[in-house]
Amino acid sequence: MSKVSKDVQVFDLSAGKEIEEIPIDILSHEAVTTSDEKRVVLTNYGASDGNVIKVIDAKTSTVKEIDLKGNIRVNGIVAFPEPNKVGVIDFVSNNILIINIDTEHIEKQLPTKQKKSHLLVLHPTKAIAYVTNIDSGSVSVIDLKLNKVIAIIPCGLGRKGIDITPDGSELWVTNNKENNITVINTSTYKVTNTLITGKDPLKLKFSIDGKYCLAVNAIDGNIYVYNQESKKRVKIIILHGKTTLLEKILYHTPRPVNILMHPNGLYAFVANSNANKIEVIDMKTFKVVSTIGTGRVPDAMAFIN
C-alpha cells in the first residue's frame, strides 16, 4: 500500500510483475488479510478521515468503505480467527475496537487504560491481545473473554512495533526513542531482555519458524537480524543508498518501515519508503535478492495465496 499514491498495488510473485492498481484514497499505514484470505482490510492512521477503514475483496478487487463514525482514529489492526472480524486500535479513545466487517458494526470497545495506544498482536492460542502504548511507554494485556485489561507491562519510550513468537512465549517491542527492543515473557509479564537496535527501530517481525526476528532501523536504513533463542544480533542487512553519493542518487536514501513474511518462510518483504520499493530478503542468507518497484511511500503489506 503506497501512502502518498493512495493506492494498493497487486503483485503476482510467481510471475514477478504487477497485475493491478486499486485506488483507495486513504493514507493507509496498516493492513491485514482476513483469516479466510478473501479480503484485505486497511486502516487510515492520522488522517482527518481516520474513522474510515477499507475492505478490499481479493477476488473482485472491489473496495468497501466502513465509516466507524465519531472521533475515531484507527491504526493498528489484526485479523481474528473469524473471517468477518478484525480488531483495530483507536488512539483517540485508547480502545480496541472489534469490528464485524460484514455488518459494519463495532461489536466491542475494550479500553487499554493507557495513552496513545498504537499497535497490537494476538496470542496464537489464547484469547489475549497485546497493545503498545506510545505515550505511556507500556504494553496493555487484554483478556478478550473477560473483556478487560489483566496487566500493564512497562517498556521503553517511543513508537512501538510489536510481534509475538509463533509459540506465544515472548513479545518483542521496539522503542524508537531509546533505540532498543524490549523482550517480554508472556507467562510472567516480566521484561527478560533489552536488545540494542540501530537508529529509529519501527517494526519488527519473527520468521515463520520463530528462530529469527527482523527489526527495521528507519534512520540507519538497515535491518537487524536477531536469533530468538540467544537474543544475539546475527546479521545487519545493508540497503543500497547509504554508502556513497552515487548510491544515494541511484537508489535514494533508504528508509525501511515495515516487514511482511512470506508464508513459505523463505522470504521477507521490507517496505523501503524513501526509495519507493519493496526489498526482498532471502531468509536463509539474509541478503537482498530482489526489489519490487511501488508507488510513492510504500508501507503496509498483506499476502494472499
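1. Lys54 counts as buried, because its relative accessibility is 9% and the class of buried residues is defined as under 20% relative accessible area, with exposed set at over 50% and partly exposed in between (1.4 Å probe, protein chains only). The residue lies in strand β5, residues 52–57, where strands (E, at least two residues) and helices (H or I, at least four) are DSSP runs numbered from the N terminus. This is a predicted model, in which local features need pLDDT of at least 70 and side-chain atom pairs count only at pLDDT 80 or more, whereas totals for chains, interfaces and linings use all residues. Residues are numbered from 1 along each chain as its sequence is written, and side-chain values use heavy atoms, with hydrogens and water left out.

2. The surroundings of Lys54 can be listed by contact, meaning heavy atoms within 4.5 Å. Leaving aside residues up to four places away in sequence, Lys54 touches Ile24, Ile26, Val40, Val41, Leu42, Val63, Lys64 and Glu65. With the side chain of Glu65, the side chain of Lys54 also makes a polar contact at 2.9 Å; the term denotes a pair of N or O atoms within 3.5 Å, of which, within protein, one must be able to donate a hydrogen and the other to accept it, while residues adjacent in sequence count only if both atoms are side-chain atoms.

3. A salt bridge is taken as a side-chain nitrogen of Lys or Arg within 4 Å of a carboxyl oxygen of Asp or Glu, and by this rule the count comes to 8. One of them joins the side chains of Arg39 and Asp102, at 2.8 Å from N to O. This pair links distant parts of the chain, since Arg39 is in strand β4 (residues 39–42) and Asp102 in the loop between β9 and β10 (105–111), 63 residues apart. Arg39 is buried, with a relative accessible area of 16%, whereas Asp102, at 44% relative accessibility, counts as partly exposed.

4. Lys64, listed above as touching Lys54, forms a salt bridge with Glu104, and the closest N and O atoms are 3.7 Å apart. Here too distant parts of the chain are linked, with Glu104 in the loop between β9 and β10 and Lys64 in strand β6 (residues 63–67), 40 residues apart. Glu104 is partly exposed, at a relative accessible area of 33%, and Lys64 is partly exposed at 26%.

5. Arg255 and Asp200 meet through their side chains in a salt bridge, at 3.7 Å from N to O. The pair links distant parts of the chain, 55 residues apart: Arg255 is in the loop between α1 (245–251) and β23 (256–261), and Asp200 in the loop between β18 (190–196) and β19 (201–206). Arg255 is partly exposed, with a relative accessible area of 26%, while Asp200 is buried at 11%.

6. Strand β8 (residues 85–90) is mostly covered, with 5 of its 6 residues buried. Pairing of two strands requires that DSSP find at least two bridges between them; β8 pairs in the antiparallel sense with β7 (residues 74–79) over 4 bridges, and with β9 (residues 95–100), again antiparallel, over 6 bridges. Val86 in β8 stands opposite Ala79 and also opposite Ile99 in β9. A hairpin joins β7 to β8 through 5 residues, and β8 and β9 form a hairpin with 4 residues between them, where Asn94 in the turn has a positive phi of about 60°.
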